[in-house]
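Please look over the model shown here. The report that comes after it covers confidence, overall build and a few local sites.

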Amino acid sequence: MSSLRRGAVLLLLVFLAACATAPPSARRSESPAAAAAETGRCSASTFGVETTNASRALRRKFQLAGDVRGALVLEVLPGSPAARAGVQVGDVIERIGATAIPGKCESIDTLGALSCDTAVPVRLRRRRESLVKEIQPTDASRFYEEGCRKGVVTACYRLGWTASAGAGVPRDAARAEALYEKACRDGSGAACTELGRVYERRSEEAKRIPVLERACALHDGTGCVDLAFLHATGSGGVARDDARATPLFVQGCDGGDPSGCYNVGLMYGAGRGVAADQAVAKAAYEDGCDGGSTKACTNLGLMYDEGRGVSRSDEKAAELYRAGCRASACTTSNALGCVNLGRLHRDGRGVAKDAARSAELFAEVCNRTPEKGDADEAENVARACSLLGAAYSAGKGVGMDEARALELWQVGCDAGDVFGCFNVGVTRSTGPDSVRDLAVAARAFDTACRAKDAESCFELGLMVSKGKGVAKDERRAGKLFETACAGGFQKACAKRKGAGK
């Protein structure tokens, strides 16, 4: 009988499943609460600029240094505070007042909290030059209303956004949709993307595809990513087509959407729609991580952890897992980043050995409720519970508690984690009488075996061959030993020869 496992092997990077959940929007954290915070004399403030993240492609286009990060200005609306201050397309907003601006999201959240009656210093990067401009925000709804009346397309789009979000004005979905339709028709790619999401919520896929195609044609990075996602997953009424999806993800990444960069990394790493190229995958993950994609940070960490396309480095992996695990107002914590950082602390690889910190990380992820439809997050939440169980079983970082360990392994197993199932099987089949239950053990081994865990197939084969917790069946036992042997569990290879005769 096998001994318990502690979960030493890192989770494999799941390329295909990572595309199976909808990519993050360009700015879902462009929240009504942030945008509509009542400050000064206006309900929501604006400089009158449209920005995106300073991607590698955009830095090259505007002759910016490679280390520049911030919100890159794509458009300066006429008559805006930014226009009066001399802000130009291609400038990168690096700081607003005392707040550093690493990307588009932070610029919008910071701006939404400003008072409209006070000018603030804004630090910009223009090519190789650093500038500071004093800019006084203005009331967003009034500014966009006036601009839309004058025929400024982006003002109409933004006016629709304020109506959709209830940012300084009453929420009005019908008005928002009408404004998105007008702005999309008149040439706003961002409006087309938002209109596509309106159609998505209503499951009107026949309308959604054309507006996303228009959004991408109008160079809206997020529109390209949303369209690419449909082709990568074969959803929304289109056939799966990786050769079509990958270049669309590239367009989205180049346009400043970090989720596009994350998916470029996935596609090039796995050779989906293109020849596999780890160097391109690495560069894309770097762009995505810089732009705030915690999934991109985590996957880049895996490359360093495994030495795949880069020189292996525990220290670099730990740094990137930490970035992947970190949450902010603009980013969500990635469960796999936290789990793998916990492993490194448990084993003392790249970071100080710290069993308490390791258990803390596992517990934090185990207590999460996975977002509906996010299979990757659900898998890593389950694994975190199983790993926390191992910590309780060994008394590492937490008090030794075998009952709690078994409870956590069962939680992991119930969610399909093979490590948890294996440990449930071992404990229920060899533990003290108070926990022994051969039928439960057999079911746990069976779950793990079906998920291709070779040792669990072997253990189930032993139980089946002896009729322990399950009906005795030599033929079935032989097949289980064959499966375990084929899966690389050598002990099963000798067993199979005498089974099923």
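What follows goes from the whole chain to single residues.

## Basis and confidence

This is a predicted model, in which local features need pLDDT of at least 70, side-chain atom pairs count only at pLDDT 80 or more, and totals for chains, interfaces and linings use all residues. Residues are numbered from 1 along each chain as its sequence is written, and side-chain values use heavy atoms, with hydrogens and water left out.

pLDDT is the predictor's confidence in each residue, from 0 to 100. Its mean over the protein chain is 91. A value of 70 or more is reached by 91% of the residues. Residues 8–40 stay under 50. For that stretch the model has 103 contacts beyond four places in sequence, a contact being heavy atoms within 4.5 Å. Where pLDDT is low, the predicted coordinates should not be read in detail.

## Overall build

The protein chain has 25 helices and eight strands. These are DSSP runs, numbered from the N terminus: helices are H or I with at least four residues, strands are E with at least two. The C-alpha trace spans about 85 × 50 × 45 Å along its principal axes.

Of the 501 residues, 54% count as buried. Buried means under 20% relative accessible area, exposed over 50%, and partly exposed in between (1.4 Å probe, protein chains only). The accessible surface of the chain comes to about 21300 Å², by the Shrake-Rupley method with a 1.4 Å probe. Carbon and sulfur atoms own 50% of that surface. Among contacts with a separation of 6 or more, 55% join residues 24 or more positions apart.

## Helix H16

Helix H16 covers residues 314–325. Its 12 residues should span 16 Å at 1.5 Å a residue, and its end C-alpha atoms are 16 Å apart, which agrees. The expected span is 1.5 Å times one less than the number of residues.

The buried residues of H16 include Asp314, Leu320, Tyr321 and Cys325. Those buried residues pack against four helices: H14 (278–290), H15 (294–306), H17 (335–347) and H18 (355–366).

H23 has 13 residues, which should span 18 Å; its end C-alpha atoms are 19 Å apart, in agreement. Of these residues, 12 are buried, so H23 is largely enclosed by the rest of the structure. Glu455, Phe458 and Glu459 are among them. Just after H23, Gly467 takes a positive phi of about 70°.

Aromatic rings of Phe, Tyr and Trp (its six-membered ring) pair if their centres lie within 6.5 Å; planes under 30 degrees apart count as stacked, over 60 as edge-to-face and the rest as tilted. The count is six aromatic pairs. In one of them, the ring centres of Phe458 and Phe489 are 5.1 Å apart and the planes stand at 45°, so the pair is tilted. Phe458 lies in H23 (residues 454–466) and Phe489 in the loop between H24 (474–486) and H25 (491–496), so the pair ties together parts 31 residues apart in sequence. Both Phe458 and Phe489 are buried. With Phe481 they form one aromatic cluster.

Cys449 lies in helix H22 (residues 438–450). It counts as buried, at 11% relative accessibility. Beyond four places in sequence, Cys449 touches Ser456, Cys457 and Leu480. Its C-alpha atom is 7.9 Å from that of Val418, 31 residues away along the chain.

Asp417 sits in the loop between helix H20 (402–414) and helix H21 (418–430). This residue is buried too, at 5% relative accessibility. Asp417 touches Ala382, Arg383, Ser386 and Gly412, leaving out residues up to four places away in sequence.

## Charges over rings

A charge sits over a ring if NZ of Lys or CZ of Arg is within 6 Å of the ring centre and within 35 degrees of the ring normal. Arg158 lies over the face of Trp161, 5.6 Å from the ring centre. The charged end of Lys316 sits over the ring of Tyr304, at 5.9 Å from its centre.

## Positive phi in loops

Most residues other than glycine have a negative phi. Gln63 has a positive phi of about 55°. It is found in the loop between helix H3 (56–61) and strand E3 (71–76). Gln63 is exposed, with a relative accessible area of 53%.

Arg127 also has a positive phi, near 55°. Its loop runs between strand E6 (120–126) and strand E7 (129–135). Arg127 is partly exposed, at 43% relative accessible area.
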